[in-house]
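These are my notebook entries on a structure I was asked to look through. I record what I looked up, entry by entry.

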Amino acid sequence: MEKIIRRTALTIIYTILLSLIILSIIFIPKGYNFYKHCKEYINKPFSKDELSINEERALKIYDRNSILISTIFPKHGGFFEEVKYKDLSTNLINAVVSAEDKNFFNHKGIDYKAIIRAFLSNLISGKVVSGGSTITQQLAKSIIPRERTYINKFYEALDAIRLEKNLTKEEILTEYLNRVFFGNNCYGVGAASDLYFHKKVNDLNNNESAMLASIIKSGTKFNPYKYEDRLKSRRIYVLNEMKNNNFITEENYNKYINEKLNIYDGKDKYTFKAPHFTMYAKESLEHLKYTGVTELRTTLDYNIQKEAVLVISNSSQSLHTFNVRNISCVILNAKTGEVLSMIGSMDYFDTETHGAVNGATALRQAGSTLKPFMYAYIFDKGESPASVISDIKTYINSPGGDYIPENFDHKYRGPVTIRDALANSLNIPAVKWLARYSIRDFQNILLKSGLSSIDKNPDYYGYSLVLGSAEVRLIDLASAYSIFPNSGTFINHYSITSLKKANGEVITLPKKITRKVISEESAYLITSILSDRNARMGSFRSYKGIVYPFSIAIKTGTSKGSRDAWAIGYTKDYIVGIWLGDFAGSEMINITGGNGAVPILYDIFTMLNKSQKETKWDKPDTIVKREICLISGKLRGEFCKETRVEEFSHINVPKEECDVHNLYIKTNSDGSITEKVFINLPNEYNGWIREQQIERPTAEWTKVNNIYAYNRMKNNNQNRNLESINQENSFNLNSAYKVQMNVNNINTYNSSSETKNDNSINNIRERLSIKEPTDNSVYKIDSTLPIEYQNIFISSYIPKNIVSAELYCNKEVIANIDDLKKDYVKWNLKNGDYTFHIEAKTDNGETIKSSTVKIYVQ
């Protein structure tokens, strides 16, 4: 039995020895090669690229007036203030070493005792409670970031040894303290010391040094502004380690732990003065692909930025209850494209509302803000502000089936001109006009205007493109509107004017990109519509959308579900874009571009134009005026009551007179004739006419086809009975006494009658009149608004043969002919009833008077 046991034991021993010999033959060469590789890696010096961050330490960003906006650490996008080793106080060095690596000055990159101690502590606790990384290892991790794997941890240790071979302990510690994150967007102990204590690092005492050393463990977890108690516990731990290392006495330890530190709330200094713009400029620099840049000169006007932030802040308080969680604003120089102000959200540091998201560059649905571009496009195709289309329930064939557009208020207005359709942001007319032309051509206009995000196939968007189904960026949209105040030329936005490299080289960047998009006539006509106070009254309920002491063009937009509310406004000097919404996509409550964004737009422009200087639009010489009928869009006829003096490009002037308002007559039982004007619209309006209960002529009425002949006969034969009138002028009176009027029956004109007829036509077209306000209008004085801002704008039409004219209000002259020939006369509202009329003299001495207009002010 003993022999068997001995033989078995020997067999096992021999087997083990043989296995060891075999394994040695296999792995010793590999082990030696691995050892050789590690030795070579350790002896490999750090390249310039790996340490180049020392040369590109900080990026300083200035506004247009050389005001420093921020100094940021390129790698992390935070604030930085570099320090040298000589700047570090002994107190700070002792605190950092005690907190992070008490054997720092003794080891050669790796503290093996600390690793074993951390391993045992973590094993006993069953979780990670301690780390064994040295300061050198932490610096190595910062220089060469790696994924967290065991093999990479091994290489981090090798990198630490490499650092010890390349740098001195003083250089390692300085480099480390210049890279550490100290919370509140501060990188490096220099910025942290200034932020929290308003001190230079060499002036820090022991307790202050201990606090900064405490934050190193986690700049977020030990944020002094949020977690005071947690930070105090960590500071006491660091002070205890300093006492154990004989850096402070027991007496000082007891003093420091009970001492309350005076921590400054200096976030204003180390908060971006224009946070979203700063990051936007930094991203723009990255796209330029320049390296070694230490300074950026930008287009921002920090003085404007501060005032705009104040406006947004004041507005946000009243809008918060309507679930407006964020507001974004962009202000551009309309003539150059320079970004003067950019506010991406109400609070950059508010994580609850995703404040760091830049609403100026985020993609959001455009709403109705794209409509002006479509109308400008069709103006160049031959349409005009007077072109009329039906605003009725409409079915439009599209690739996805019948498309049924709806107006925002779900109402139908019948025949509408483009001026009224755009000013009131009607959806149905916009879609119908686009359906007459080309979605692809419209999309090309948008792309040429810098809206690069609208780049999908036109069929993807369909006709809803004109209603804003596409996503755009606020900064791009504001820039796109530059085509209107700049005679059809697009001027792209830009934010950087020059940059300075580390070697001192200054590079000046190109100022702007421009290209012609639409004609100057179309650009002016769109501006004329968007700046028309009277046209805006139908869509803007707030006085802040109507009453401006200077010329301004405004367009609003609201996306489906009220998730986005927009307002874009421009003068000759500025373009301002406002967006309201929630970055998370929730719906706002009863908020539109008109009632939410427009009041902010008003406050921004009031701030920008404190002097309230008037800047008239540049009107091309090729723009002409004609009085037109608002129902037909054609030249005003004798029976047109709703008229307007409209502006046209000289190549798109209407030549036909209104054929919608027609005179009808009927013969009464006593032989007398009754006249009445009816509106004749195409059959597509039949349903709308029934809904509006508009009277239509019955069989007893007969249309007068030649009104001029009819008027001539009435004037020349006032004392003759109707039967003789009709016999002389070839009129046939049938048994039912219906008068049949037709121009073909009148062939007896002589030259004098032709001349008289021409004069009557001219008199019809050249009628002295008050266009706005309309008769029996009612106005209410707003008690919350300063009375000097509560005005109406009286516009009139003065014929060419008028040599003098006066506007009367309750028998008091309030304006003369020079005032009346301007676009409008401003009249301050006063409580009461008022009657307006114009008295004028013609060039032949005749005195004429306009019809009266009565208004009521309550």
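**Entry 1: enclosed space**

I looked for cavities in this predicted model and found one of 30 Å³ or more. The largest cavity holds about 80 Å³ of space.

I then asked which residues line the largest cavity. I noted Phe 484, Pro 485, Asn 486 and Ser 487, then Glu 520, Ala 523, Tyr 524 and Thr 527, and finally Lys 572, Trp 617 and Asp 618. Sorted by class, the lining has five nonpolar, three polar and three charged residues.

**Entry 2: salt bridges**

Side chains of opposite charge can pair when their charged atoms come close.

I looked up Lys 432 and Glu 684, whose side chains meet in a salt bridge at 3.9 Å, N to O. This pair joins distant parts of the chain, 252 residues apart. Lys 432 belongs to helix 16 (residues 427-436), while Glu 684 sits in the loop between strand 24 (673-679) and helix 23 (686-692). Lys 432 counts as buried because its relative accessibility is 13%, under the cut-off of 20%. Glu 684, at 44% relative accessibility, counts as partly exposed.

I next examined Asp 476, which forms a salt bridge with Arg 473; their closest N and O atoms are 3.4 Å apart. Asp 476 is buried, with a relative accessible area of 10%, whereas Arg 473 is partly exposed, with 26%.

Are Glu 627 and Arg 636 buried or exposed? Glu 627 has a relative accessible area of 8%, so this residue is buried. Arg 636 has a relative accessible area of 2%, so this residue is buried. Their side chains meet in a salt bridge of 3.6 Å, N to O.

I also recorded a network of salt bridges that links Arg 419, Asp 420, Asp 532, Arg 644 and Glu 646.

**Entry 3: Lys 456**

I asked where Lys 456 lies. Lys 456 is in the loop between helix 17 (439-448) and helix 18 (458-461). With a relative accessibility of 39%, Lys 456 counts as partly exposed.

Which residues does Lys 456 contact, leaving aside its neighbours within four places in sequence? I found Gln 443 and Tyr 461. For Gln 443, I noted a separation from Lys 456 of 13 residues in sequence and of 9.4 Å in space, C-alpha to C-alpha.

Technical notes: Residues are numbered from 1 along each chain as its sequence is written. This is a predicted model: local features need pLDDT of at least 70, side-chain atom pairs count only at pLDDT 80 or more; totals for chains, interfaces and linings use all residues. Side-chain values use heavy atoms; hydrogens and water are left out. Helices (H or I, at least four residues) and strands (E, at least two) are DSSP runs, numbered from the N terminus. Buried means under 20% relative accessible area, exposed over 50%, partly exposed in between (1.4 Å probe, protein chains only). Contact means heavy atoms within 4.5 Å. On a 1 Å grid over the protein atoms alone, a cavity is a set of points where a 1.4 Å probe fits but cannot get out, and a pocket is an open set with protein on both sides within 12 Å along at least five of seven lines; lining residues have an atom within 4 Å of a point. Grid points are joined across faces, edges and corners, and a volume is the space filled by probe spheres set on the points. Ala, Val, Leu, Ile, Met, Phe, Trp, Tyr, Cys and Pro count as nonpolar, Asp, Glu, Lys and Arg as charged, and the others, Gly among them, as polar. A salt bridge is a side-chain nitrogen of Lys or Arg within 4 Å of a carboxyl oxygen of Asp or Glu.
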